[in-house]
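Please brief me on this model. Cover the chains, the helix packing and a few individual residues.

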Amino acid sequence: MEKVLNIILQYSDTKEERKQLKNYLDKIDEQLTNFIGQLDLVMKQLPVTKYSLGYMYLLAAKASLKRFQNPELILMQIQTFLLQCDPSQVSMSIGKFFFLCRRFVAIAIREKFAHGTVYPLKIAIEKIGRSGELTPTHAYFLQACLASQNFSAALPILESDVFEIDTKHSGLKIKDVLLYFYYGGMIYTGLKKYDEATYYFELAVTIPADTLSSIMLEAYRRYLLTSILSTGKAPLIPQNTSMSIQGMLKKVSKPYEEFVEAFRSMDIERVGICISTYMEVYEKDKTFGLIKLVRDNLVRRKIQRLTKTYITLSLEYVSQQLNMNSTQEAEFYLLDMIEQGEVFASIDQKEGQISFHADPEPYDSVRVSLELNGKIQEVIGLAKNLDLLDEKISTNSNFIHKMVIKELQGGGNKTEEND
Amino acid sequence: MSQENKIEIEKEIEIEIDKENEKTIEIEKEGSGEESKGEEENEKKTEKEKEKEKEKEGEEKKKGPTKEQLEQIKKKVQEREAANEPKFIKGVDFSSFDIEDYIEGYQGHTRMDRLLFIAQRSEIHQQKALKMFIEEVKKTRNIQKYRKIVEKYSDVLQDEKTLDQKWIDKTLKDSASTYDILETNLKKAKENVNQEGIRDGNVQLGHFYFGKGDLKSALKYYSRAKEATGDPIEIVNCCLAAIKTAMEGKSYSHISSYLNAAQKKSEDLELETNGILRTINGFLSLTSREFKTAAHQFIHAPGKKVFEYPEIFTSLDIGIYGGFLSLATFNRRELKRNILDNEYFKNYLELVPEMRDIIYNFYESNYAAFVEGLEKIKPQLLLDQYLSSHVERLYIRIREKAIIQYFSPYLTLDMKKMATDFGTTLELIEIEVSNLIAEDKLAGKIDQKNKILYGTRINKRSQTFQEVLSFGKDYRRKTRALLLRANLIQNKMTVKRPRKKLMMGGENMNFMNMQLLNLMRGFN
């Protein structure tokens with residue numbers, strides 16, 4: 001270990017040196033695990049920022065263990081590392097960095113310390129990611145937020161819309177992508193933002209695929225449920241799902257498809273029967289919470305249907321129509337809906353009458369015009385991106401090659417491919 | 001006869017076995033689907049299952065049904081027959097319906113079929129209809145049908161209860177001798193290579209079998225007759241005979257193919273038979289529930305010529321079907337153009353004055369008279385063999401249209417008046433209206449306290465804003481998803497089947513997936 005320490009100390013100053021250092025470290029990487037006992041000592045002697053690269057390898061070697069005598073120590077070490085490391089050094093061996101992050105979260109979850117990982121990981125993302133680019137750390141970060149129930153911390157990252165992908169720079173794997181969107185959907189669900197949740201689950205489901213992944217499957221099931229919660233309509237399978245897996249998805253999710261069908265029929269009893277039939281499945285999949293929310297939602301949807309047809313209504317009529325036990329229950333639901341802004345109405349308690357109003361939003365304030373402007377800008381930006389993408393593809397030599405061949409073949413002249 | 005029955009039952013048994021096989025296959029597939037989740041494992045399992053199923057199928061077909069299976073299948077066939085048994089239509093008063101009037105216009109086998117239909121649907125008319133049916137069936141050679149009906153309804157029939165053995169014997173003898181004559185005629189024509197003779201011989205044999213009730217053979221001979229001639233008129237006649245046969249046997253594919261053949265031949269020629277062919281077109285649309293198309297086809301069927309083909313439909317039918325279907329599917333403009341201003345169709349509508357009155361009343365918004373007329377004509381429509389199954393559905397549609405038209409000029413409307421005009425109670429009309437509103441067919445809102453229906457003034461401005469915002473949101477989402485997918489594909493990232501080796505880096509999706517799943521489930 002002495003040798004290693006010295007090499008690290010010597011070769012960490014210039015870029016050239018660091019390259020050599022990296023090669024060396026890669027070579028001896030496996031052997032490092034043999035010196036577990038000494039790693040702590042060595043690491044203590046290395047200031048993190050200056051010697052980030054070497055420190056990282058040592059730390060990663062330690063983190064690859066399955067068990068720790070002193071888990072708090074390793075967690076502290078990683079935390080400090082993430083906060084203080086030097087991005088330029090670390091990005092030379094980005095795979096190790098991600099490995100470290102993954103172990104960080106895994107250990108923390110086991111030790112019930114997930115909340116402590118949220119902030120360091122956030123810093124980590126800022127350090128190594130280009131803005132808007134998806135990295136594996138994003139997925140781990142979301143995982144940590146989810147594990148610690150710290151949903152709002154994830155919001156800034158989620159809302160910054162990371163959709164760029166560059167595998168060479170980030171070493172991203174498809175699993176990380178799936179996880180990012182799956183976790184994202186779960187977090188939005190936790191925040192009760194069902195619209196965005198549905199969107200993220202949909203993204204997870206529409207990722208190009210030859211074969212079914214369990215992450216995608218779970219995402220699909222939740223997609224069905226959150227979709228109902230946000231729009232009140234039973235959803236169809238997302239249009240752009242890979243053809244080969246569409247059939248498989250539906251087949252394996254029968255309890256959910258049936259539930260969606262029951263919801264579509266707007267029949268409260270039928271929904272109840274469906275739930276009791278498949279209760280075990282829902283509990284096993286841990287989707288039972290969502291299912292219950294959806295059933296609640298059915299009542300609200302029915303009330304909303306009533307707003308469409310009536311201007312005034314008696315509370316008694318509502319409770320009758322929806323098979324409720326009393327007018328109080330109807331009143332309770334309505335109050336909740338009015339507060340949530342799902343319905344515009346006022347209740348005359350003395351008469352037991354409800355009056356529905358039209359949507360009072362006049363769309364004539366400054367706020368609205370600012371909002372519109374912002375959205376227009378966004379759309380222009382996106383359209384530009386699309387144009388760029390289109391240009392890139394159409395000027396790609398391979399593509400042009402293919403198109404030319406196609407045309408020539410179509411014209412009846414046979415040409416041999418010239419390379 | 002019993003041999004034929006046996007063959008029929010055996011065929012049914014074959015069908016039943018295949019259905020049993022299909023069922024077991026389906027159950028197995030479902031089972032395998034619910035259990036497995038992993039990728040490769042799933043694929044492997046279903047492949048193995050499929051092989052197993054193929055083996056099973058092969059075995060089954062070789063062995064043939066066991067005794068127990070036969071028993072089970074017989075039971076199922078009987079149950080199914082019992083379920084399909086036609087029942088009386090309840091809740092409608094058929095006393096205003098006059099059988100003799102109705103059946104007068106028809107000729108041939110359709111009299112028999114329609115009478116049987118009426119006997120099975122209307123309790124009051126059952127006896128009379130059955131008696132008339134037996135009269136008709138004795139005009140044919142269809143001994144089997146005669147037997148079947150007499151046995152089935154023996155408790156209803158009084159005088160005709162016992163089988164008329166004399167008639168049966170006579171018919172058998174008669175059939176045998178007629179058959180011989182026809183066979184010889186056909187043979188002679190073939191020997192002399194007399195095309196017209198061959199055609200005629202085949203047609204005669206077709207008629208013969210048609211009269212016996214052997215529809216399959218009849219179709220066979222009609223088809224041969226069609227092949228044997230080049231004269232378009234004769235071809236069309238053969239097709240019509242075949243269509244008639246197919247209609248009795250309810251074989252829609254045959255009707256369709258012969259209709260196509262006939263129409264092709266008579267495309268440019270102004271034949272008298274064009275009318276009936278178009279009517280049959282309408283009939284096919286009716287059976288596939290394309291009501292609007294059917295309406296058009298019936299209305300334009302006769303054209304300028306006189307319509308004559310009482311062996312399937314009468315001109316009264318054209319008036320009724322055309323009028324009824326257009327009432328259910330046309331809007332005001334279409335009604336005016338196709339019916340009220342249609343010279344040719346008007347003549348047919350005049351043949352059924354009740355239908356004509358209903359349509360006029362609807363158009364002129366005399367709702368009370370309209371509703372009354374509609375109710376009055378219902379029994380007659382319900383007892384028509386081809387229209388009966390669609391009547392309820394179309395009635396609901398017509399009523400909906402009436403309500404919507406009734407409300408259209410108003411800004412506010414007292415629902416009590418509406419209820420009286422439509423002949424129902426306040427509660428019922430409220431339910432009907434609220435259903436229409438919920439289905440977006442009526443733009444209005446109900447004030448339940450005062451029982452008033454308000455027309456909605458849609459705030460266009462607000463609506464526009466909402467639409468724009470939602471469209472924008474949609475676009476942003478779709479484009480982002482598109483860019484994401486494009487990026488993934490560019491970087492060659494897709495969900496692939498895992499490689500068999502387990503790698504430390506966690507590149508094996510299957511293995512890591514399970515671990516991750518456990519982790520994920522930890523915090524749900």
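This is a predicted model: local features need pLDDT of at least 70, side-chain atom pairs count only at pLDDT 80 or more; totals for chains, interfaces and linings use all residues.

Residues are numbered from 1 along each chain as its sequence is written, chains are lettered from A and ligands numbered from 1 in the order in which they are written, and side-chain values use heavy atoms, with hydrogens and water left out.

**Chain A**
- Chain A has 22 helices and 3 strands. Helices (H or I, at least four residues) and strands (E, at least two) are DSSP runs, numbered from the N terminus.
- Of its 419 residues, 50% are buried. Buried means under 20% relative accessible area, exposed means over 50%, and partly exposed lies in between (1.4 Å probe, protein chains only).
- Take the contacts in chain A between residues at least 6 apart in sequence: 64% of them join residues at least 24 apart. Contact means heavy atoms within 4.5 Å.
- Chain A exposes about 21100 Å², with 51% supplied by carbon and sulfur atoms. Accessible areas come from the Shrake-Rupley method with a 1.4 Å probe; for residues, only the protein chains shown count as cover.

**Chain B**
- Chain B contains 24 helices and 3 strands.
- It has 524 residues, and 44% of them count as buried.
- For contacts in chain B between residues at least 6 apart in sequence, the share joining residues at least 24 apart is 62%.

**Helix pair H14(A) and H18(A)**
- H14 (residues 214-231) and H18 (residues 288-309) of chain A pack at about 25°, with axes 9 Å apart. Axes are lines fitted to C-alpha atoms, for helices over the stretch in contact, and angles run from 0 to 180 degrees between N-to-C directions.
- H14(A) and H18(A) are therefore roughly parallel. Angles under 35 degrees count as roughly parallel, over 145 as roughly antiparallel, 65 to 115 as roughly perpendicular and the rest as oblique.
- The crossing of H14(A) past H18(A) is left-handed. That means the near helix is turned anticlockwise from the far one by less than a right angle; clockwise is right-handed.
- Residues of H14(A) in the contact include Arg222(A), Leu225(A) and Ile228(A); those of H18(A) include Leu290(A), Val294(A) and Arg301(A).
- The contact residues divide into 7 nonpolar, 4 polar and 2 charged. Ala, Val, Leu, Ile, Met, Phe, Trp, Tyr, Cys and Pro count as nonpolar, Asp, Glu, Lys and Arg as charged, and the others, Gly among them, as polar.

**Helix pair H9(B) and H11(B)**
- H9 (residues 195-212) and H11 (residues 232-248) of chain B pack at about 15°, their axes 11 Å apart.
- H9(B) and H11(B) are therefore roughly parallel.
- H9(B) also passes H11(B) in a left-handed crossing.
- Among the residues in contact are Arg199(B) and Phe210(B) of H9(B), and Glu234(B) and Lys244(B) of H11(B).
- This contact has 4 nonpolar, 2 polar and 4 charged residues.

**Single residues**
- Ser314(A) is in strand S1 (residues 310-314) of chain A.
- Ser314(A) is buried, at 18% relative accessible area.
- Beyond its neighbours within four places in sequence, Ser314(A) contacts Gly352(A), Gln353(A) and Gln448(B).
- Glu351(A) sits in the loop between strands S2 (345-348) and S3 (353-356) of chain A.
- Glu351(A) is partly exposed, at 47% relative accessibility.
- Glu351(A) and Leu315(A) are 36 residues apart in sequence, but 9.0 Å apart in space, C-alpha to C-alpha.
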